[in-house]
Amino acid sequence: MQDLFFYLFAALTLLCGFLVVANPFNRNPVTSAMFLALTIVSMAGLFVLLHAFFLAAVQILVYAGAVMVLFLFVIMLLDLKEEQRRTANKFGIVSGIISVGAITVIFIKAIFESHATATDTTPVLEGATQPLGRMLFNDYLLPFEILSVLLLVAMVGVILLSKKDLR
Amino acid sequence: MHVGLEHYLVVSALLFCLGLLGVVLRRNLLVIYMSLELMLNASNLALVAFSRFNGHLNGQVMVFFIITVAAAEVSVGLALIVALYRKRQTAHVEDLTTMKL
């Protein structure tokens, strides 16, 4: 049953990911954003299968909620027209596809060459919220605090960047 | 065949390469940004899978950090795109050639 769900969610993730980057029917950025949201939701399903329940919730709240709304706001703000079919650079497309294909082959081959030592599927730790929070506030307290400063810096930077008279 | 670590890693690798393909091929700045998000998500999936099959939670804490940094990165990047659009009226990378030699 779990295997079935894995294949379902993996197929959904990859299909929607493909439709984000290369939708053959519609090149509107809004469509890409919607498929990105679907990719993220199905990836949250994969997280649930991996017993990372808290991260699945965070994934949906932060990515599918906040980040996607930000993307859609900007798309609507810029009022982008449907991307006109420009004369695409054939050489660039072909070389891009070849190089990315080569990287894919290297990845897959590396995964199957390195017979991963940890293949026992016995759940040692459940990714529940409590142990995660305990770890976050004990072992990772300094990175956590640095992260809060980073968020503050990002906020100040965004306010400065979106000023009307940007010098 | 039982689903193991390799299955998740293969999905993650394929998703990462899809994102890379989008960054290389697409010409719209916003779609390039979405492809970047796809690549970050692929790395998150690999980290969660490693964390699950190695039996400790360090990977999940790392994913938590990555999600936060990605949110900050998206907000700054989109603000940059909006500022750029105000100046140039375009979100197309081939029109942005000021730094070209």
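**Cysteines, helices and a nonpolar patch**

In this predicted model, the sulfur of C17(B) sits 18 Å from the closest cysteine sulfur, in C16(A), which is too far for a bond. A disulfide here is a pair of cysteine sulfur atoms within 2.5 Å, and the structure has zero of them over all chains. C16(A) is accordingly in no disulfide, with the sulfur of C17(B) as its nearest cysteine sulfur, 18 Å away. Both cysteines are tucked away: C17(B) is buried, with a relative accessible area of 4%, and C16(A) is buried too, at 3%. Buried means under 20% relative accessible area, exposed over 50%, and partly exposed in between (1.4 Å probe, protein chains only).

As for the ground rules, the model is predicted, so local features need pLDDT of at least 70 and side-chain atom pairs count only at pLDDT 80 or more, while totals for chains, interfaces and linings use all residues. Residues are numbered from 1 along each chain as its sequence is written, chains are lettered from A and ligands numbered from 1 in the order in which they are written, and side-chain values use heavy atoms, with hydrogens and water left out.

Chain A is a run of helices, six of them with zero strands, where helices (H or I, at least four residues) and strands (E, at least two) are DSSP runs numbered from the N terminus. Of its 167 residues, 32% are buried. Its accessible surface comes to about 10,400 Å², with 74% belonging to carbon and sulfur atoms; such areas come from the Shrake-Rupley method with a 1.4 Å probe, and for residues only the protein chains shown count as cover. Among contacts (heavy atoms within 4.5 Å) in chain A between residues at least 6 apart in sequence, 62% join residues at least 24 apart.

M1(A), L4(A), F5(A) and L8(A) make a nonpolar surface patch of about 470 Å². T31(A), by contrast, belongs to helix α2 (residues 29–49) of chain A and counts as buried at 18% relative accessibility. Leaving aside residues up to four places away in sequence, T31(A) touches N23(A) and N26(A).

Over in chain B, helix α1 (residues 5–25) has 21 residues and should span 30 Å at 1.5 Å a residue, which agrees with its end C-alpha atoms being 30 Å apart. Of those 21 residues of α1(B), 15 are buried, so the helix is largely enclosed by the rest of the structure.

Conventions: Patches are made of residues with over 30% relative accessible area and no salt bridge: like charges are joined within 9 Å, nonpolar side chains (Val, Leu, Ile, Met, Phe, Trp, Tyr) within 5 Å. A salt bridge is a side-chain nitrogen of Lys or Arg within 4 Å of a carboxyl oxygen of Asp or Glu. The expected span of a helix is 1.5 Å times one less than its number of residues.
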